[in-house]
Amino acid sequence: MEEKTKTVLEIENLTKQYGNTTAVNNLSISLEGGDIFGFIGPNGAGKTSTIKCIAGLLDFKSGKIRINSRDSKSFSDISKKKIGYVPDTPFLYDKLTGREFLYFVGRIYGMDKKSIDREIEFYSKEMEFSDYMDSRTEEYSHGMKQRIVIASAFIHNPDILLVDEPMVGLDPKSSRIVKDLFKRIAMENRILFISTHTLSLAEELCNKIGIMDKGNLVYFGGLNDLKNKIHKDNLEDIFLEITKTHE
Amino acid sequence: MNEIIIARLKTIFRSVIVRDFKSFVRLLSYIFVVSVFLYGNYFIFFKIFAFLIKSEPEIGYSISQRLTSIMFSTFFIMLFMSSIVTSITTFFRTPELEFLFTTPINPQKIFIVKLVENGVFASWATLMISLPLMFAIGNGFQFGFYFILRSVILFLAMVFIAVSFGLFVAFFFSEFFRKHSLGTVIAIVAVSAISILAILFFMKSPDIFNLPKNANLYEVDRFVASLEVEQFKYLPSGIVIDMIFNKHSEESFLMQIWLLLLYLVPTLAMTFVSMRFYKRKYVSYEKTVQKSLKHKNRMEFPTVFRQSKTALLIQKDMLVFLRDPSQWGQSATFLLLLIFYGISVVRSPIYFKSPFYTYILAFANLGFSTYIMATLSVRFIFPLISLEGRTFSLIKSSVNIRDYFNAKILFNFLMISVLGQILIVGTNAFLNLDRIVILVSMAVTFIVAVGITIINTGIGAMLADFTETNPSKIASGFGGIISAITSLVYIGICLGVLSNPTRTYFEYTFKKMEFNNMYFLYSILFVLLLTVIIFCIMYPLGVNSLKKRSL
């Protein structure tokens with residue numbers, strides 16, 4: 001129980017600029033193990049930039065990102081193992097099969113053969129890709145690729161999962177599978193950081209919400225608190241209300 | 001003419017327009033690089049022709065004509081083959097077509113735009129070499145501006161025939177091509193091209209310098225006379241060459257015009273037929289649906305280097321390379337051409353068996369081998385980091401960039417070094433050279449392989465294009481040109497440094513002049529030092545640019 005309340009991800013005054021444009025302005029968020037955080041906002045609000053800063057894909061001008069109290073600027077391979085990242089567009093090596101790709105990722109993270117086989121077995125059943133995982137990924141549909149990419153981000157059991165638009169292109173069955181997986185993972189005391197435009201997904205899954213607009217975090221907290229504050233029941237209405245007031 | 005061409009022209013105009021200092025520098029760099037390349041080609045050809053006229057005035061003109069003829073015939077076959085491949089992509093597989101065919105634009109207008117595109121894609125590389133060649137002939141022989149203008153027009157006519165003929169073949173066999181992946185098509189076309197070249201090579205046996213050492217005057221006369229006879233006279237390239245050099249009577253010139261028209265008229269008719277049936281062909285050209293194959297897992301743990309991430313990344317790169325037909329198809333083509341080169345060294349004429357020419361050939365062989373290594377590096381090494389594509393975000397978020405860069409360098413070095421050593425040792429062995437020359441060649445090839453690898457990997461990292469998936473397009477882009485020029489300048493310096501002790505060694509061999517083995521050592525040390533300096537500059541530049549790179 002004590003582990004459950006331990007803060008594992010802290011973002012403090014994060015600022016990211018592209019030339020003269022400020023993509024993320026002074027962002028501060030703190031998340032704990034077990035949180036499913038819904039990061040929502042209009043296009044160009046700075047969601048993907050934030051996620052990429054956390055994943056170590058983008059350098060940032062100022063601020064701090066700490067994982068288990070460790071500064072991300074000193075990210076080592078050990079720190080990288082704590083993060084799993086699912087990009088907004090699923091990119092795989094076309095000439096590898098799904099299984100080979102998962103093997104590749106597992107080995108990058110230093111897993112042994114037995115663990116990789118076990119995890120592949122688990123996720124292939126969980127996400128129902130065992131039928132096609134020995135075919136080359138160039139033959140996959142978008143949804144099939146997305147399932148493999150999600151499995152590849154989860155395979156090394158990271159503490160923090162950064163997921164950018166997970167539901168784009170997924171059919172209803174795949175969406176259900178992914179949602180169930182997210183819920184189960186959150187129960188394992190990990191953090192799920194989900195950037196999405198699908199407000200129903202955030203409403204259904206997330207216990208914490210962050211609303212970004214033009215690089216600024218305009219709300220951060222529990223969904224119910226927000227509903228009580230704005231006096232509206234529907235997240236879509238709340239979202240439109242908040243982003244409208246900041247135009 | 002039509003909306004698509006206007007959109008294309010706008011795109012080109014906007015990509016070259018100077019908006020800020022950065023775009024100005026970029027434009028200037030492009031102009032500089034292309035100018036250097038064109039002038040460099042012109043300079044080399046001009047020197048060759050000027051040398052032939054000056055040193056061999058009796059046969060210089062005939063040899064020039066023969067050289068140009070062989071080049072034009074090769075260009076014609078290459079244009080025809082490359083047009084088949086580019087036609088399939090341009091007319092049937094480009095995603096833009098899905099959009100264009102849903103608009104009210106007349107399909108025949110789409111066809112014309114694609115025909116122009118196809119012509120440019122298939123012929124730009126050939127034009128980059130042949131235009132300086134024609135200017136060099138014109139100026140070398142002082143033929144004047146009219147000659148150059150006529151040559152360019154006739155060459156463009158040859159390009160049109162080759163490209164349109166290739167297009168017609170692509171249309172005619174579209175049913176066959178649609179059932180196969182582009183990789184298979186490229187492989188088929190490559191093998192066909194090599195086979196045709198091989199048949200021509202062995203049947204026609206181009207014997208430009210094939211004069212026996214003990215030839216008598218009669219044989220020399222016969223040889224000189226034979227040089228002026230066009231070997232591929234009924235191919236469009238042969239007709240164009242005859243017309244360019246125009247040494248015939250007015251009657252035969254008219255005959256040549258008729259012959260050219262004999263090609264041009266059916267070509268136009270074939271193009272017209274293709275245009276008429278374009279929409280129908282496109283609609284029936286379904287996306288390739290291939291049977292899904294199950295593959296054995298090749299990313300299993302190897303028995304050695306179990307924990308090495310470098311070994312893992314190399315394993316992945318090799319697997320992706322070997323499964324990509326556009327990579328191995330072109331590798332196979334290059335390899336076959338190298339085998340032809342090896343065979344031609346073995347079959348080098350009796351005249352070249354004298355020790356002096358053997359050493360000349362040995363040095364030329366070193367130059368040519370390192371030049372081939374540089375060319376192959378630009379095509380195969382430079383694009384490798386770009387080919388990581390958006391998956392680079394996975395690499396960057398999980399692997400130390402230095403480890404990743406080291407893996408690329410090691411993989412690239414192994415590829416290019418093994419190839420270089422096989423080439424240099426194999427050909428030198430056939431030339432029966434001294435052990436010392438073979439060892440020097442091997443050492444230089446080894447060091448140059450390191451230099452070329454770091455140049456292409458470093459620039460490949462700095463100018464990586466993660467959005468392009470076609471390795472040929474990556475290699476022929478701005479970064480590829482920069483990489484090619486840097487590699488060639490590096491090789492030029494290395495060979496320049498080595499030429500001095502090589503010359504002294506010849507003098508020692510033939511004139512028994514003083515020679516010190518240390519000359520070779522000093523020059524190799526210089527090449528080594530240059531390579532170390534390049535490594536020390538390129539390595540941090542490559543690593544840091546990848547670290548800073550955002551996707």
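## Ser523 of chain B

Ser523(B) is buried, with a relative accessible area of 5%. This is a predicted model. Buried here means under 20% relative accessible area, so a value of 5% qualifies. Ser523(B) sits in helix H22 of chain B, which spans residues 518–548. Setting aside neighbours within four places in sequence, Ser523(B) is in contact with Val497(B), Leu498(B) and Pro501(B).

## H18 against H22 in chain B

The axes of H22(B) and helix H18 (residues 401–430) of chain B come within 9 Å. They cross at roughly 130°. H18(B) and H22(B) are therefore oblique to each other. The crossing of H18(B) past H22(B) is right-handed.

From H18(B), the contact draws on Ile401(B), Arg402(B), Tyr404(B), Phe405(B), Asn406(B) and Ile409(B). H22(B) supplies Phe535(B), Tyr539(B), Gly542(B), Val543(B), Leu546(B) and Lys547(B). By class, the residues of this contact between H18(B) and H22(B) are eight nonpolar, two polar and two charged.

## Chain B overall

Chain B has 22 helices and zero strands. Of its 551 residues, 46% are buried. Among contacts in chain B with a separation of 6 or more, 82% join residues 24 or more positions apart. The accessible surface of chain B is about 28100 Å². Carbon and sulfur atoms account for 70% of that surface.

Arg66(B) lies in helix H3 of chain B, residues 60–93. Arg66(B) is buried, with a relative accessible area of 3%. Phe466(B) is 400 residues away from Arg66(B) along the chain. Their C-alpha atoms are separated by 44 Å.

Phe334(B) belongs to helix H14 of chain B, residues 325–346. Phe334(B) is partly exposed, with a relative accessible area of 28%. Not counting residues up to four places away in sequence, Phe334(B) touches Leu376(B), Arg379(B) and Phe380(B). Ile372(B) is 38 residues from Phe334(B) in sequence. In space the two are 9.5 Å apart, C-alpha to C-alpha.

## Helix H3 of chain A

Ten of the eleven residues of H3(A) are buried, so this helix is largely enclosed by the rest of the structure. The buried residues are Gly98(A), Glu100(A), Phe101(A), Leu102(A), Tyr103(A), Phe104(A), Val105(A), Gly106(A), Arg107(A) and Ile108(A).

Just after H3(A), Gly110(A) takes a positive phi of about 75°.

## H3 against H5 in chain A

Two packed helices are described by the angle between their axes and the distance between the axes. For helix H3 (residues 98–108) and helix H5 (residues 142–154) of chain A, the axes come within 9 Å. The crossing angle is roughly 20°. H3(A) and H5(A) are therefore roughly parallel to each other. H3(A) passes H5(A) in a right-handed crossing.

On the H3(A) side, the contact uses Gly98(A), Phe101(A), Leu102(A) and Val105(A). On the H5(A) side, it uses Ile148(A), Ala151(A) and Ser152(A). The contact of H3(A) with H5(A) has five nonpolar residues, two polar and no charged.

How values were computed: Residues are numbered from 1 along each chain as its sequence is written. Chains are lettered from A and ligands numbered from 1 in the order in which they are written. This is a predicted model: local features need pLDDT of at least 70, side-chain atom pairs count only at pLDDT 80 or more; totals for chains, interfaces and linings use all residues. Side-chain values use heavy atoms; hydrogens and water are left out. Axes are lines fitted to C-alpha atoms, for helices over the stretch in contact, and angles run from 0 to 180 degrees between N-to-C directions. Helices (H or I, at least four residues) and strands (E, at least two) are DSSP runs, numbered from the N terminus. Angles under 35 degrees count as roughly parallel, over 145 as roughly antiparallel, 65 to 115 as roughly perpendicular and the rest as oblique. A crossing is left-handed if the near helix is turned anticlockwise from the far one by less than a right angle, and right-handed if clockwise. Contact means heavy atoms within 4.5 Å. Ala, Val, Leu, Ile, Met, Phe, Trp, Tyr, Cys and Pro count as nonpolar, Asp, Glu, Lys and Arg as charged, and the others, Gly among them, as polar. Buried means under 20% relative accessible area, exposed over 50%, partly exposed in between (1.4 Å probe, protein chains only). Accessible areas come from the Shrake-Rupley method with a 1.4 Å probe; for residues, only the protein chains shown count as cover.
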